[in-house]
Every structure is written in structure tokens, then in C-alpha cells.
Amino acid sequence: MTSLDPVLDKDGVRLTVEDAVATVTLTNPAKRNAQSPALWRALTEAGRVLPGDVRVVVLRGEGKSFSAGLDRQAFTPEGFDGEPSFLDMARGPEAELDATIAEYQEAFTWWRRNDLVSIATVQGHAIGAGFQLALACDLRIVAEDVQFAMRETSLGLVPDLTGTHPLVNLVGYARALEICATGRFVHAEEAERTGLANLVVPADQLDAAARDLAAALISAPRDAVVETKALLSGALSRTYEEQRTAERAAQGRRLRDLAGITD
């Protein structure tokens, strides 16, 4: 399968597929790829319509910024056309508000599926929801001009789009707290040093670096990568002995598969 025609192109999100690599692009550079509920629904849909033979998903943003975060229009009384404003949602029943936030979070959860490896390529600003979207991916390649920041607390809010878990896992509790509570910028050197970034490159080399990494990821047998990702992603929640058991079970499945033995 090879196709560069969009599989999805709506509400600031475009999905294209070329063989085993899909690319999700944020397509509103005039607003620095600011995010909205419509964009989140489109991101969720992109995950649902991915062809089954896709192994790597690259996430990128057009323009000078990856994503400057939530569109501030969400906090105005009028909100977005055809959408309830965030202020109106806050006045509604608590259960409805919780369900709405859970729906928004779906745009950020599918990137960690075991059958995929996701790569965010991040340039310029990645603020708030933009930072959390980059954190939703397995891997991050960043430009030298990257500026990560978690600005929710400055608005009297908390990061609620699934970014807190990967942030703590990557940089540790103390640094994560300091980043979130102060809202300060994290630049490329610190991002690479603390594990937020796997690689730092000049901005004009982001796409090429993502292609190289995607090619390396799909060079190994798919099932082995899937099993390895599942082992690693679950390691922090397991004890040492539980991880040993998980390793043995996974290796047994791989060896039986290589030997052509079916259960």
C-alpha cells in the first residue's frame, strides 16, 4: 500500500499514509496550530481510520510552531461555533463535564497503542495542549528552536490531556512539578538531557530525521517490536519479578511463532 492522498483532512488535521508509515499533520499554521474540540475529534478519528498495516505514525505541525496550545477562544462566553463554551460546560453537571474531558482525552491516548510506534516532530512552540500532544507520542524529535511549556496553571487549570503521566516518567516527579507549576520554557538542550527529546536537529532536518527513524523502526519484524513495546511500557508498573515473568512469556510467544507452533 502506497498513498499520499489524504485519508482524512478536516478541522486542522490531515492524515496521509505511505506504506507502513502514516503522517498526521496539524494544518493551521496561521493560528500556530492552536487546538480546539473539533481538532481533538479529528485526531481521535485519525487514530480510528489508520490502516491495519501502519506500523509508525509521525505527528507534525505545519509552520513555525508545532502547537501553541488550546485556542483561547474556548474561554470566551461565545466559545467556538457549534460548540458549548468551556465556561458553559463548567456550569453544567459534574458527570457531564467529566465525560466531555474524557472524550477530549481520546485524541491523546491512541498514540501509545502497542501495535504502533509514534514519533512527534516538534519545532517552535509546544505549549500546554501542544506539549501534552507531543508527550502523547512514544518518541520526540525536536528542532533546535523548540520551546516546551505547561502553562495550564497560569490559567488556574491543570494539565488534563494525559500529559502528566509521561512527563513524570520521562523527567521525574520533582522536575515535572517544577515545569508545570512555574510554566517555564524547556528548550532543546534540556529536553534532550532530561529525556523529553530523543534527538535534536535543525528545524529544516525534522522531516528527514523522522523518515530515518521510521525506516529504522520498521526494519525489525513487527511482532518483535510490538512485544518489546508492551514489555517496556509496562515495566514501571511491574515489580522486578513480574517483569522477569513478562519477559519469559513474551519470549516464549516469539520463539513459538518463529518455530511455526500455534497454540
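Helices (H or I, at least four residues) and strands (E, at least two) are DSSP runs, numbered from the N terminus. Thr162 is found in the loop between strand β8 (147–149) and helix α5 (164–171).

This is a predicted model: local features need pLDDT of at least 70, side-chain atom pairs count only at pLDDT 80 or more, and totals for chains, interfaces and linings use all residues. Residues are numbered from 1 along each chain as its sequence is written, and side-chain values use heavy atoms, with hydrogens and water left out.

Start with the whole chain. The protein chain has ten helices and ten strands. Its C-alpha trace spans about 65 × 45 × 40 Å along the principal axes. The radius of gyration, taken over C-alpha atoms, is compared with a globule rule of 2.2 Å times the number of residues to the power 0.38. For 263 residues, a compact globule would come out near 18 Å; the protein chain has 19 Å, which agrees.

Next, burial and contacts. Buried means under 20% relative accessible area, exposed over 50%, and partly exposed in between (1.4 Å probe, protein chains only). Buried residues make up 44% of the 263 in the protein chain. A contact means heavy atoms within 4.5 Å. Of the contacts with a separation of 6 or more, 66% come from residues 24 or more positions apart.

Helix α4 (residues 129–136) is mostly covered: eight of its eight residues are buried. Among them are Phe131, Gln132 and Leu133.

Helix α10 (residues 240–258) holds Arg254. Arg254 counts as buried because its relative accessibility is 13%. Leaving aside residues up to four places away in sequence, Arg254 touches Asp223, Ala224 and Glu227.

Now the strands. Two strands pair if DSSP finds at least two bridges between them. Strand β2 (residues 13–18) and strand β3 (residues 21–26) run antiparallel, joined by six bridges. Val17 has Ala22 in β3 as its bridge partner. β2 and β3 form a hairpin with two residues between them. In that turn, Asp19 has a positive phi of about 55 degrees.

Most residues other than glycine have a negative phi. Asp11 is not a glycine, yet its phi is positive, at about 50 degrees. Asp11 sits in the loop between β1 (2–10) and β2. With a relative accessible area of 44%, Asp11 is partly exposed. Thr162 is not a glycine either, and has a positive phi of about 75 degrees. Thr162 is partly exposed, with a relative accessible area of 26%.
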